[in-house]
Structure formats: structure tokens, C-alpha cells
Amino acid sequence: SAASDVYKRQNTICKMRDIYKALSIFETAFEEVYGISLNEAMVLCALREAGKEITSTAIAERTEMAPSHTSKVIRAVEDKGLIRRALGEVDKRQMYFSLTEAGKKRLNELDLDKVEIPEMLKPLI
């Protein structure tokens with residue numbers, strides 16, 4: 001019936017809200033423990049997975065963040081000394097990013113057991 005369809009849509013929206021709230025709680029705790037945001041951690045993970053220097057476009061594709069947001073996050077982790085930038089050897093206009101030793105160390109320190117995962121998210125992890 002139409003009424004049950006409306007209820008299901010509202011229920012889905014409420015569940016999405018609860019997931020969003022749970023992620024927000026997790027991110028706050030994560031940032032307090034590690035001093036980096038989840039987006040910053042995702043940039044570090046993308047660089048480690050690449051295993052080589054990559055462009056900000058490649059980071060945006062790997063993290064699925066908008067390019068403008070990726071630039072802000074890159075700047076933040078660069079300011080923290082966790083990544084470095086280098087000019088492209090072929091195209092001097094192109095910037096490439098890689099992990100610093102401090103960035104590799106921070107990634108190795110990320111232990112999710114130190115941050116409580118909200119019950120709603122546990123089945124997803």
C-alpha cells in the first residue's frame with residue numbers, strides 16, 4: 001500500500017540518519033585518538049595502496065572525494081608532515097604526493113581497537 005511505502009522510505013531515511021550519526025561519533029573519537037580525520041586517514045591509505053607517488057586526481061579517485069575537498073585534505077596532511085609533494089619529472093606543472101616516514105608510521109599506528117566502534121557500524125566492519 002502507499003502508506004507502507006511511505007513508512008519504508010521514512011524508515012530508510014531514519015536508518016541513514018542513525019548511520020550518519022554513528023559515523024560522526026566514530027570520526028570524533030578517531031580524531032581525538034590519532035590527531036587526524038577519517039578523510040586524512042583515507043588519503044594516507046590511498047597513498048600506501050598506490051605504492052608510489054600519485055597525483056591529487058588519483059587520490060580523489062581512490063577516496064571518492066571531490067577534487068576541491070581532496071585538495072583541502074591533502075593540505076591538512078601535508079601540514080602535519082605526513083605526506084610530501086614533488087614536481088612531476090615529465091610535466092613540471094603536475095604535483096605528485098607520497099607518504100613521509102611520519103605518514104607511514106601514523107598509518108601503522110592506526111589500530112581501530114583503540115577507538116570504540118558504534119554498535120550500528122560493527123556489522124559493516
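In the predicted model, the protein exposes about 8,500 Å² of surface, and carbon and sulfur atoms supply 54% of that area. Of the 125 residues, 30% count as buried. Contacts between residues at least 6 apart in sequence were also examined, and 53% of these join residues at least 24 apart.

The protein has five helices and two strands. Along the sequence these elements follow the order α-α-α-α-β-β-α. Helix α1 spans residues 2-34, helix α2 residues 38-50 and helix α5 residues 101-109. Helix α3 covers residues 56-63, and helix α4 covers residues 67-79. Strand β2 comprises residues 95-99.

The axes of α2 and α5 come within 10 Å and cross at roughly 105°. Angles from 65 to 115 degrees count as roughly perpendicular, and α2 and α5 are therefore assigned to that class. On the α2 side, the contact is made by Leu44, Cys45 and Arg48; on the α5 side, Gly103, Arg106, Leu107 and Asn108 take part. The residues of this contact divide into three nonpolar, two polar and two charged.

The other contact joins α2 to α4. Here the helices pack at an angle of about 85°, with their axes 9 Å apart, and α2 and α4 are therefore also roughly perpendicular to each other. Asn39, Glu40 and Val43 of α2 meet His69, Val73, Ala76 and Val77 of α4. By residue class, the contact of α2 with α4 contains four nonpolar, two polar and one charged.

Helix α3 contributes buried residues, namely Ala58, Ile59, Ala60 and Thr63. The buried residues of α3 pack against α2, α4 and β2. Just after α3, glutamate 64 takes a positive phi of about 60°.

A search of the whole structure finds two aromatic pairs. In one of them, phenylalanine 26 and phenylalanine 30 have ring centres 5.9 Å apart and planes at 40°, a tilted arrangement. These two residues are four residues apart in α1, and phenylalanine 26 and phenylalanine 30 are therefore separated by about one helical turn. Both phenylalanine 26 and phenylalanine 30 are buried.

The other pair consists of phenylalanine 30 and tyrosine 34, whose ring centres lie 5.0 Å apart with the planes at 55°, so this pair is tilted as well. Planes over 60 degrees apart would count as edge-to-face. Phenylalanine 30 and tyrosine 34 both lie in α1, four residues apart, which corresponds to about one turn of the helix. The relative accessible area is 3% for phenylalanine 30 and 7% for tyrosine 34. Residues under 20% count as buried, so phenylalanine 30 falls in that class, as does tyrosine 34. Phe26, Phe30 and Tyr34 form one aromatic cluster, with Phe30 taking part in the pair with Phe26 and in the pair with Tyr34.

Conventions:
Residues numbered from 1 in each chain as written. Predicted model: local features only at pLDDT ≥ 70, side-chain atom pairs only at ≥ 80, totals over all residues. Heavy atoms only, no water. Buried < 20%, exposed > 50% of the residue type's maximum accessible area, 1.4 Å probe, protein only. Contact = heavy atoms within 4.5 Å. Areas by Shrake-Rupley, 256 points an atom, 1.4 Å probe, with all protein chains shown as cover. Axes fitted to C-alpha atoms, helices over the stretch in contact; angles between N-to-C directions. Parallel < 35°, antiparallel > 145°, perpendicular 65-115°, else oblique. Nonpolar A, V, L, I, M, F, W, Y, C, P; charged D, E, K, R; others polar. Phe/Tyr/Trp six-rings, centres within 6.5 Å; stacked < 30°, edge-to-face > 60°.
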